[in-house]
Amino acid sequence: MRTEMSEVVTIRQAIRREVVSIEPLDELERTHQRDALAWIDSGAPLCRTAKPAIPPKHLVSYFAVVDGDNILLVDHKRAQLWLPPGGHVEPGEHPRETVMRELFEELEVVPKHEIAEPLMVTCTTTVGLTAGHIDVSLWYVVRADGTSSVEFDREEFAGVQWFEFADVPLQRSDPHIGRFLAKLACARKCIDLQVYEPKMG
């Protein structure tokens, strides 16, 4: 029992570190980050234990599959939205492990790079066929080749499609995806500056 409790505490601490690692984009994300940390620190269960929404607030790993200025979205049957792929974090599972598991289950993809810390955190009341619960979502980035064919879970998704960032259907997607794409573009620009900016001295 003590070992099991220790594992639970360790995973909770790891999840907390993921949230703390995020540099908020704006005041809304700061609010979501504070909410997520207070929820984690409260000792409340973090993972969904029964479908569709028990407990009504639970942790999700989104993963934005990107190639340059293009993002792969899935036409999610239940949510009735174009969304980044993702899935619920299982009890005892690190959110980055969720990304690896769901990538293969949903798209049959094994990433060619390590999954880095999340780029964004959001707390969203869901819509669609399972409306009314709250997803605390960690948004990760996975790089992929947009010219490769994509397999997908046809029970869960009506289809998949690559979109240029400017063409993402914002009105039929996650309410935060526009902010995420702006943050992703800014992060990529900062990385490019660090790589290509000549060093002085």
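Phe163 is buried, at 9% relative accessibility, where buried means under 20% relative accessible area, exposed over 50% and partly exposed in between, with a 1.4 Å probe and protein chains only. This is a predicted model, in which local features need pLDDT of at least 70, side-chain atom pairs count only at pLDDT 80 or more, and totals for chains, interfaces and linings use all residues. Residues are numbered from 1 along each chain as its sequence is written, and side-chain values use heavy atoms, without hydrogens and water.

The ring of Phe163 pairs with that of Trp82, and the pair is edge-to-face because the planes stand at 75 degrees; rings of Phe, Tyr and Trp (its six-membered ring) pair if their centres lie within 6.5 Å, with planes under 30 degrees apart counted as stacked, over 60 as edge-to-face and the rest as tilted.

| Item | Value |
|---|---|
| Trp82, relative accessible area | 12% |
| Phe163, relative accessibility | 9% |
| Trp82 and Phe163, distance of ring centres | 5.2 Å |
| Trp82 and Phe163, angle of planes | 75 degrees |

The two residues are 81 apart in the chain. The whole structure holds 3 aromatic pairs, and ring pairs join Tyr62, Trp139 and Phe180 into a cluster.

Technical notes
Helices (H or I, at least four residues) and strands (E, at least two) are DSSP runs, numbered from the N terminus.
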